[in-house]
Amino acid sequence: MQKDINRRKAIGSLVTAATAATTLSATMGRGRSRSRNRGGRSGSSRLENETVKDAREGTPITFEKFTQAMPVPAVKQPLAVGKENSPFVVGDCFHGVAPEYFTRTVSEDPSLKYPEKYPEKYYEMTIRDVIGEVIPGVQTPCCGYDGMVPGPTFKSRGLEPCVVRVHNETKYECSVHLHGGHNPSHSDGYPNFYVLPGRARDYYYTNTIPYHHGVPDVGEAPSTMWYHDHGMDVTAHTCVLGMAGFHIQIDDFEQSLIDNKVLPDDPYDIPLMIADRRFNEDGTIFFDPLDHNGYLGDVYVANGKAHPYFKVQRRKYRFRFLNGCNARHIELRLSDGRPFVGLANDSWLFPRSISRDTILLSPAKRADVVIDFSKVNANELYLENILSQDDGRGPNGKLDRRDTEIPGVGVVKFVIEGDPVPNDVSVDVGTELRDHIPILESEIEATRVFEFHRRKGAWQINQEFYDEFKSNACPRVGSAERWILRNTAGGWWHPIHIHLESHQIQSIDGKAPPPEWAHKSDVAMLGPNTETELFMKFRTFTGPFVFHCHNLEHEDMRMMFVFDPIKDGPKSNQPLSAYYP
Amino acid sequence: MSNIKRSISVGCLFSLSVMLTAGCSQSPNVASNDSAQVESEVDRQNNIRVASLSTDDYETVLDARVSDRFPDIDLLDHRGRKLQFYTDLVEDRCVCIIYFYTRCVGSCPITTQVVKKLRKDMAETFGDDLLFVSLTLEPEVDSPQELQTYMKLHGIEDDPDLPEWIYATGDFEELDALRRNLGIYDIDPIIDADKTEHAAILTFGNDRLDRWAALPVGMDYRQLKSAMTRIMGNNERQRYQSVVQYREAMMQNFRDNTAENNTAENNVTEN
């Protein structure tokens, strides 16, 4: 007893030393003698006298990198296709289904139905705890969709509605957000539209595209989306535990590119989620819910495996990179300096593919690229992160002058095998992809300014905290607005994600955005003291939706605002027009 | 120590507040010795009323908790009791931790009023199941007498019908280390040196279920309360009951508090 107290006191004084000198003796043990208080625990004897170290000062586990293969998440299979085959009564669960499932109308003109083309599909998914093996030979408890980390990949066709019944078997209040999609508010993962533990919710993904002057706007059809948890106060924790997965949508146009051998097809089209984690000595994931700056890991996990290798043929591969970190920004580079062929930013294909030397990704940003391994002579190539970041504030340096280190940290090792494959797909720099319809200055109905800043240990937007029941911005549904996002907080980076639709960045600090951000995005990276001007449309669905900082710790500390497209806008500060608990 | 209390099982959670009122004599006897004497009134005052909820059959997979990192520092509370932060105030309990100092005129009085209201309102849901702990940022000034004066000044009483609220002081270095462990600090040392920066965050959690969060005091009160019950609640009733109650009230009494927060009149300009 006395010994235990001394241990805790020792920890206290050591932490003092650590915060002063930012070093902590690596030999500091974490006694587990508290198990004395949980007498009778089954199997407690194993840990009773052992010393388990946590990862506060870094992962204490060492392992050889690039010894395990990187998996590609399995594709989620539907239970049934077509309304007449529906395997459950849609809406007959605790949290119900979106009203749009029954009306199928466009909010700006209820006489119009939103475009649909394919019969709807029905899925069922369970969020549950699972013991995974992230580091080779180490058991790690995670939480995942269908018990998988990352979750199963949904593949849907554009204009193919789907209903996903999500069951929650964890202890967390979850809310699944389909990031990059254009979907009803009920199914958008509004932070308190929960799937409570033991309950279920029918998520209705219309997979539709909005109208542009009465014609479906095919430029808005998304490609690489991802879904992750968005539950109030616990988002950072649940995402670190593994609640994230891909949702890939292919519309007719993109399918034609694949059929015409322009873009790589399925086995050569790889979603790749990069996340940083820290592991305690016992294999559990280290997470401190009381660290509000932002979670940083020192182990890079790609598709659920720490520093894996991936075997490829000598041909073109399409990779859908996703930064699944909470707070770490990454800048990807190939170890031989070879440029990528950039296909898309976030969910949307470029008008023409571009050449990209490095790929800067803030948390939640995606980038679709093609890597041509047929031109690589070596048998190994590393995908590395060259951006240095020391704390949750953001990467070192400024948005346009970032501190990078070459060589960086190897994330994935590509092992290249065989001879160049003949008759490969034709995509290269300059290939025509998807049309882009710019939002015109003349369409703008209102201008709003949002300032992101820190105040008394928490984060605010326009001097306000997030209020679940107040719409801070109510654009007129169907209209376009100019939003100015201003980051005034000293030294903090804020990647701002706006739900519902893409936005088009007009300028960053008065200058034109770089080519990869010049079209559509759904995360606007705000560097320190940066001002970003963007145009955005609010179509098809009324709210509420949120926009927030995608540094998930900042989001959990209420750096979030609500926007709610309504019919008689534009307005500010209204009660929510709808509520779907 | 206190083996009896630790045998409370999960199944009893619903009747817990009843048991706790009846069972407070089983609470750990903090300052006096452990001899099985009949408790005098003085001894009773020395009890921490919030029971420890540990059960025999609850365990995490590999047994790591957030609170493992909290140092078990010595504290002196407003009644002069010697307490240990982890063992007496956190372990297996629901606790809400507030940083303050008696000379503070910035955030502290507002925070104190909010917590006072929370203490009253959360008694309905949690009963005796919850503990509020105010830790001083200026232990060199705040003696137990000062703390008592501060409590009197703000009308805070030791009320057996309300969750217990402890004001505590201790060693500056230790309290400062604890503050950093609880995440109440700023990376920028200049901002961190301003004590009022740390007095507007409530850090709360349920150690038994290992759920912790922190929220700014300045947010909407009802949502703050709801978030606290959701994170700290031991069962569905405690966690989600208030969600239903305040949701309805919220929708009816919508209030635009933009002006109060002293922001620009309206953040929208029509073109």
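1. Arg333(A) is buried, its relative accessible area being 15%, where buried means under 20% relative accessible area, exposed over 50% and partly exposed in between, with a 1.4 Å probe and protein chains only. The side chain of Arg333(A) meets that of Glu384(A) in a salt bridge at 3.1 Å, N to O, the term denoting a side-chain nitrogen of Lys or Arg within 4 Å of a carboxyl oxygen of Asp or Glu. Glu384(A) belongs to strand β24 (residues 380–387) of chain A and Arg333(A) to strand β19 (residues 330–334) of chain A, so the pair ties together parts that are 51 residues apart in sequence; helices (H or I, at least four residues) and strands (E, at least two) are DSSP runs, numbered from the N terminus. Glu384(A) also counts as buried, at 5% relative accessibility.

2. This is a predicted model, in which local features need pLDDT of at least 70 and side-chain atom pairs count only at pLDDT 80 or more, while totals for chains, interfaces and linings use all residues. Residues are numbered from 1 along each chain as its sequence is written, chains are lettered from A and ligands numbered from 1 in the order in which they are written, and side-chain values use heavy atoms, with hydrogens and water left out.

3. In chain B, the side chains of Asp192(B) and Arg179(B) form a salt bridge at 3.3 Å, N to O. Asp192(B) sits in helix α7 (residues 189–192) of chain B and Arg179(B) in helix α6 (residues 172–181) of chain B, so parts 13 residues apart in sequence are tied together. Asp192(B) is buried at 8%, and Arg179(B) is buried at 4% relative accessibility.

4. Asp251(A), Glu254(A), Asp269(A), Arg318(A), Arg320(A), Asp368(A) and Arg434(A) are linked in a network of salt bridges.
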